[in-house]
Amino acid sequence: QVQLVESGGGLVQAGGSLRLSCAASGNFIRINDMGWYRQAPGERRELVAIITTDKHTTLADSVRGRFTISRDNAKNTVSLQMSELKPEDTSVYSCYADFVESLLMPPREYWGQGTQVTVAS
């Protein structure tokens, strides 16, 4: 069974920084894309950042220049460094990863449980 566990959320003042981390565990052959989404109450889920196995990154326009996504393939972790945080960044952030569990099956996405990030003005 594959599992993603997030850490690092919390309360921060506007302009501050937070670092989110997500660790994968379980039985799998490899991890393809990893990334972060966020969803605020009453809002649609929004893609924040994606990183490929080769460490190519894609960031949402709203966070580009302020957030950085990285991954450690040896440790099966993905991180999101968030700087210059704004109140509108307040949301539940969830990591996801695309796992290859078997060469006989297509890759499958798994999600973390979500971590709250609150930015106070």
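## Contacts of Val63

Beyond its neighbours within four places in sequence, Val63 is in contact with Arg38 and Val48. The model is predicted. Val63 sits in the loop that links strand S6 (57-59) to strand S7 (67-72).

Val63 has 0% relative accessibility, so it counts as buried. Trp36 lies 27 residues from Val63 along the chain. The C-alpha atoms of these two residues are 12 Å apart.

Arg38 belongs to strand S4 (residues 30-39). Its relative accessible area is 6%. The cut-off for buried is under 20%, so Arg38 is buried.

The side chain of Arg38 makes a polar contact with the Ser62 side chain, at 3.4 Å.

The loop of Val63 runs between S6 and S7. S7 is part of an open sheet of four strands, in the order S1-S3-S8-S7. The pairing is antiparallel. Strand S1 (3-7) and S7 are the edge strands, each pairing on one side only. From one strand to the next, the twist averages 15°.

Which strand pairs with S7 over six bridges? Strand S8 (residues 77-82) does, in the antiparallel sense. Ile69 stands opposite Leu80 in S8. Strands of a sheet pair through backbone hydrogen bonds.

Definitions and conventions: Residues are numbered from 1 along each chain as its sequence is written. This is a predicted model: local features need pLDDT of at least 70, side-chain atom pairs count only at pLDDT 80 or more; totals for chains, interfaces and linings use all residues. Side-chain values use heavy atoms; hydrogens and water are left out. Helices (H or I, at least four residues) and strands (E, at least two) are DSSP runs, numbered from the N terminus. Buried means under 20% relative accessible area, exposed over 50%, partly exposed in between (1.4 Å probe, protein chains only). Contact means heavy atoms within 4.5 Å. A polar contact is a pair of N or O atoms within 3.5 Å; within protein, one must be able to donate a hydrogen and the other to accept it, and residues adjacent in sequence count only if both atoms are side-chain atoms. Two strands pair if DSSP finds at least two bridges between them. Axes are lines fitted to C-alpha atoms, for helices over the stretch in contact, and angles run from 0 to 180 degrees between N-to-C directions.
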